[in-house]
Amino acid sequence: MAKGTQKKASTKDFAKEITSSLGGETITLCYQCGTCAASCPVAKVTDKYNPREVIRLALLGLRDEVLTGGAIWLCSSCYNCQERCPQKVEIADVIYALRNIAIREGNVPNIYAEFAAGLMSEGRIVPISKFLEKKRAEYGLPQLKPAGVEAVRKILSATGFDKIQFKKGEAQ
Amino acid sequence: MTSYALFLGCTIPARQPHYELAARKSLAKLGIELIDLDDMTCCAPPPLQSIDLETSLAIAAYNICLAEEADLNIVTLCTGCFESLAMANTLLKEKEELRERVNKILANVGKEFKGNKEVRHYLQVLMNDVGLNNLKKSVVKPLSKLKVAAFSGCHLLRPSTLLRFDDPERPKIFDNLIEALDAKSIWYRNKLKCCGGLLRGYADDVALAIARDKIVNASRSGADCISTLCPFCFLTLDLGQMLIKTTYKEEYNIPVIHYAELLSISLGVDPKELALDFHKVKLDPVLNKIG
Amino acid sequence: MEEINVGVFLSDCGKQLTGILNFEEIANHLKGVQQVSIVAVGSEFWRGQGLKTIVEAVKSGKINRVVVAESIPKIGEINIAEALEAVGLNPNFVEVLDIKDNCAWPHRDAPKEATEKAKAMLLAAIERVKLAEPIEKLEFPAVKSVLVIGGGLAGMQAAEDLADMGFEVYLVEKEPFLGGLAAKAGHFFPTDDCAICIQSPASDVKTITHTSRKCVYRSGFSEIPNLNVLTNSRVVKVEGAPGNYKVTVERKPRYVNEEKCVACDLCASVCPVEVPDEYNARLKNRKAIYVNTPLVYPPAYVIDAEACKFEKCAKCVEVCPTKAIELNQKSKKVTLNVGSIIVATGFREYDPSVIKEYHYGEYPDVITQLELARMIDAFGPTKGVIIRPSDKKPAKRIVFVQCVGSRDRRWNPYCSSICCMISLKHATLIKSAFPDTDVTICYIDVRTTGREHEYYYERAREMGIKFVKGRPTEILHDPEANLLIVDVEDELLRRFLELEADLVVLSPAMVPVEDTKELAEMLGLELDKDGFFKEYNAKLRPTETKKRGIFICGGATFPKDAPTTSLQAHSAAVKAAKFLLNGKIVKDQRTAYVNEDYCGDCEFCPVTCPYGAITLMEKADGHFVAHVDDLLCEGCGVCVGTCPVGAIELRHLKPSQISAQMKALLSVNGTSKPLVLAFCCSECGHAAVDSSGMAMLNYPANVRVLRVPCTGVLQVQHILEAFKAGAQGVMVVGCKSDGCHYEVGSQKTQKKVELAKTLLKEYGVEPERLEMFNMVYIEGDKFAEAAKAMTERVEKLGALQLA
């Protein structure tokens with residue numbers, strides 16, 4: 001996290017932007033008690049991520065730092081913070097909301113570009129190799145039923161997912 | 001015979017056919033029919049939710065609609081799929097506004113989420129449809145001396161307000177199911193803590209540090225093996241030990257085995273039929289102990 | 001039927017209002033009205049010669065109904081009514097209008113229209129008094145005795161005040177001893193002085209020369225005449241009426257005669273039964289016959305009926321030197337006749353075992369503040385030494401965790417207000433006694449808001465107590481070292497800490513005592529959203545409730561410290577006494593009454609009445625009708641607005657009066673402006689009308705105001721009737737929906753207005769012609785704005801076309 005005196009301009013309505021996003025509705029309830037940080041398996045092994053600090057930055061309006069920084073990608077979605085939060089802030093969901101906004105603005109870590117590509121081409125985020133598909137019979141597993149790729153593509157079109165620019169990411 | 005629509009997701013068919021194999025064999029022995037439906041897709045787990053929550057909800061709902069149309073409840077093997085589908089199922093059943101929003105999207109593929117089916121993890125099927133007593137009776141090869149470090153992973157339990165699977169602070173179901181096989185589910189430090197699996201591919205060093213913590217704790221407690229439910233956890237802890245060897249220069253050699261595999265073995269399935277060569281840490285110590 | 005003769009008296013306020021209102025025109029218009037005998041104009045009628053004129057007219061029999069248009073504060077109304085009552089005129093036959101604030105001032109830019117409105121207002125007042133019936137003054141008995149439920153700090157203080165004032169007081173306490181939480185707590189912050197040492201057996205010393213004003217020990221509690229202490233007792237039934245309650249109290253047997261027991265402890269020393277001592281946090285055992293601490297009041301032992309072997313043992317009976325033990329005592333019920341009731345049941349610690357991540361109940365060395373208080377108490381189970389329950393060794397490293405179950409939306413969302421000070425108190429007491437103890441307090445915020453509290457916090461820091469800003473996520477246990485580990489983020493350092501502790505002390509939330517819901521139902525009291533007893537009005541009536549005669553104080557209304565508890569206790573005592581002062585309760589019969597012939601026993605009104613004043617009475621033939629209790633009824637009329645058949649009416653505002661006033665207000669309109677009728681509640685609604693006039697704000701004179709007690713009295717048909725009577729627009733002005741002075745009226749009216757709008761649409765009338773506005777007294781500007789807006793709206797819509 002940034003040290004030194006805060007000189008960057010803050011975005012006035014970032015908190016409102018987050019509360020109007022799916023998943024981010026509860027962020028303003030946070031009163032910075034730190035329970036989430038102490039519950040976080042990631043925060044315990046690296047100082048590059050601290051959920052309490054991410055929320056703090058967001059509520060202070062430091063939009064750029066939050067959305068272009070690497071911190072929001074380090075949440076492991078274990079939901080321990082959300083379980084323990086005394087204000088019922090949906091912290092893990094808030095992180096999703098922040099990620100959603102970040103990706104729409106072009107901050108896409110490489111791995112997510114790969115997931116998106118898999119989904120759009122095969123309806124699966126982890127493609128299944130032809131080799132393995134053939135091997136199934138050897139093990140006595142039934143043939144894999146075809147995935148509903150067409151349906152997925154239509155859904156992606158309806159939500160605008162297919163219009164997101166997944167160019168190789170700028171995230172740290 | 002109780003029938004369920006089997007939801008496989010991506011990771012299991014792509015990387016861990018041994019999990020699927022063990023699950024099919026054990027559930028068949030217990031009288032549960034698994035039906036494979038056409039057109040199922042990715043469940044829309046955290047990596048997709050990170051890209052867009054609305055799309056993820058819609059994709060999850062789409063899969064549930066397939067089961068609704070087939071008049072079947074869904075059973076998942078992967079706990080990630082469980083979290084994604086069960087969470088979507090509950091949210092859409094209980095929040096009218098969200099349901100309307102998602103149904104608008106689903107209209108594009110001719111589907112409508114009705115909310116009349118359940119999403120279950122196979123442990124729930126074992127508890128409720130088979131029952132602990134029947135399970136115990138079906139065990140032909142008790143795992144009597146095996147000390148198991150049970151690790152259900154995060155997404156079986158959390159977020160508990162939506163998943164409602166077990167007490168998130170004092171879960172008992174998984175331990176009870178292990179003990180039903182006559183093994184011992186032992187205590188170890190930070191048993192409920194995340195394995196870090198979802199960080200693989202973005203921050204491998206962080207993911208490994210977290211995984212290592214789990215391996216160390218399980219090892220220190222004297223466990224013979226770690227039992228998992230989630231393919232990510234399996235990968236992180238099994239393959240992870242190879243990476244720990246190269247990165248930290250530490251060897252633990254603690255086998256990681258899916259519950260479905262333990263279950264199959266205890267129900268009398270020959271280990272040779274279980275594709276156990278997918279395990280990186282060899283299972284010989286476990287198999288020897290079981291006898 | 002006597003002939004009705006109305007006298008109308010118009011004050012021009014020392015000629016101040018003659019520039020705006022044409023008094024001659026008004027007077028002439030009124031002279032022509034039927035049954036109006038006198039119309040007089042003068043400079044002042046609420047006192048002096050003006051008032052004499054009215055009094056004479058009544059005395060002489062010339063008039064028997066009075067309407068006064070004055071321009072003075074509300075006191076004028078009372079002056080006039082009292083003077084006329086003295087000469088035999090029923091106050092309900094008198095109507096006083098504020099012609100200045102409600103007419104001249106707000107419409108001074110339109111004198112002609114103001115004059116028209118003045119005529120209308122007076123016509124309405126005249127109609128009202130013509131139709132009025134006399135209102136009686138009722139008297140109810142007020143027994144000069146008080147029941148205080150709860151024998152803790154608040155209850156004891158209130159009981160003492162009242163007994164000293166000469167009331168017969170019954171102090172009912174469910175435990176065998178008085179003192180409640182405060183006695184357990186040991187010390188009070190910020191002075192650290194002893195908690196109610198009322199518990200000393202040799203206490204309540206009252207010598208002839210000296211009774212202490214600062215010490216309960218020397219207060220002579222038991223020597224106060226009229227103070228009856230009933231311990232081991234619970235209230236099980238409350239019947240009767242305010243001023244004359246019949247309360248049934250169930251007394252559990254003590255098995256020890258309080259008068260004979262000398263608290264020598266011989267019985268306990270021979271008692272063979274030992275059980276864990278719950279009072280002392282199970283840190284030691286006690287016998288089946290016991291006292292909680294050496295300092296208890298009443299100073300008599302008690303037998304735990306579940307542990308005692310009774311006749312099978314009876315060793316205590318053998319040794320008791322005064323034969324005080326009576327194993328054959330039975331539970332009994334007593335009935336108390338009291339005039340007021342004070343609820344002082346206090347609060348308790350929330351059980352933190354539901355907060356599983358803190359492992360309370362699992363790890364023996366995780367305890368609560370009250371349990372720690374027992375250890376700190378020199379008379380407690382560990383004689384003041386702080387030990388670890390698991391191995392009884394002294395605790396050298398102690399970590400406090402704040403906000404356990406408080407400020408937590410999963411458990412209790414509110415702040416329990418005293419726990420920060422409690423932690424500081426315990427931490428400083430421990431550090432004083434055992435300076436080498438390591439003490440750390442984990443907090444989210446430090447709330448030291450009372451007088452001298454901040455210095456207390458300063459002292460704690462000076463003593464080397466450590467503070468970690470961070471809420472622990474979990475308390476872990478190291479089984480090998482038998483140590484607790486507190487997993488917390490130090491936010492200020494931005495570092496994760498694993499604090500090692502011998503003992504972890506949780507500050508649990510402070511919640512209402514068990515049975516609060518039961519007691520509230522028994523007494524008909526409301527609980528707030530956190531489950532505490534709700535006061536009638538937080539700023540003006542903090543110890544009263546919406547039930548006359550029942551008062552609340554102390555922790556039962558919200559967790560609080562000792563000084564505030566005392567404050568509330570004294571306040572409740574004063575209020576309880578005031579209620580009974582004259583030995584009788586005098587009340588005007590401004591209440592609702594039921595026309596039994598029309599009542600269909602639909603049971604809507606008993607459920608709706610916010611004061612529980614309506615019950616169902618069985619008639620001779622077996623069917624039920626509603627019945628209004630005059631003492632409990634507040635005269636709001638919400639029942640009237642609820643009754644689907646119009647079977648219930650207000651004595652002071654009959655349906656015929658509403659209709660007549662409505663028509664009169666809409667009968668005069670010398671201008672082309674459309675008339676708007678505004679139903680205003682006499683609380684906030686009309687208060688806002690008054691304040692808009694007093695502030696000389698402008699609003700159109702075509703807005704005619706009809707005052708009702710509560711907007712809840714209105715039925716949908718009143719609104720429709722208004723349109724039929726000539727209103728082009730209708731406003732309903734009431735209190736804010738979460739602040740209705742009669743609890744529910746405003747909210748119910750909102751629904752009726754919505755229904756009325758739907759009906760209007762059906763009838764082809766634009767629903768926008770009707771609107772409800774909510775405001776408070778100081779929002780006079782809001783009223784003026786609303787009146788202007790409605791007028792403009794209605795002008796735009798054009799003339800109303802009724803089929």
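The structure is a predicted model, in which local features need pLDDT of at least 70 and side-chain atom pairs count only at pLDDT 80 or more, while totals for chains, interfaces and linings use all residues. Residues are numbered from 1 along each chain as its sequence is written, and chains are lettered from A and ligands numbered from 1 in the order in which they are written.

I begin with chain B. Its secondary structure consists of 14 helices and 8 strands; helices (H or I, at least four residues) and strands (E, at least two) are DSSP runs, numbered from the N terminus. The radius of gyration of chain B, taken over C-alpha atoms, is 19 Å, close to the 19 Å given by the globule rule for 291 residues, so chain B is as compact as a globular protein of that length. That rule is 2.2 Å times the number of residues to the power 0.38. Along the principal axes, the C-alpha atoms of chain B fill a box of roughly 55 × 45 × 35 Å.

Of the 291 residues in chain B, 59% are buried, that is, 20 or more other C-beta atoms, placed from the backbone, lie within 10 Å of the residue's own. A contact requires the C-beta atoms of two residues, placed from the backbone, to lie within 7 Å. Among contacts in chain B between residues at least 6 apart in sequence, 79% join residues at least 24 apart.

How are H4(B) and H6(B) oriented to each other? Their axes, lines fitted to C-alpha atoms over the stretch in contact, are 10 Å apart and meet at an angle of about 75 degrees. That makes the two helices, H4(B) and H6(B), roughly perpendicular, a class covering 65 to 115 degrees. H4(B) contributes Leu57(B), Ala58(B), Ala61(B), Tyr62(B) and Cys65(B), and H6(B) contributes Val102(B), Ile105(B) and Leu106(B). The residues of this contact comprise 8 nonpolar, no polar and no charged; Ala, Val, Leu, Ile, Met, Phe, Trp, Tyr, Cys and Pro count as nonpolar, Asp, Glu, Lys and Arg as charged, and the others, Gly among them, as polar.

Next is the interface. The contact takes 47 residues from chain B and 50 residues from chain A. Elements giving two or more residues to the chain B side include helix H4 (53-69) and helix H11 (204-220). That side divides into 30 nonpolar, 9 polar and 8 charged residues.

Finally, chain C has domains whose bounds come from an automatic or database domain assignment, among them domain 3 (253-329) and domain 4 (357-511). The centres of domain 3 and domain 4 of chain C, taken over C-alpha atoms, are 34 Å apart.

Conventions
Buried ≥ 20, exposed ≤ 12 C-beta atoms within 10 Å, placed from the backbone. Axes fitted to C-alpha atoms, helices over the stretch in contact; angles between N-to-C directions. Parallel < 35°, antiparallel > 145°, perpendicular 65-115°, else oblique.
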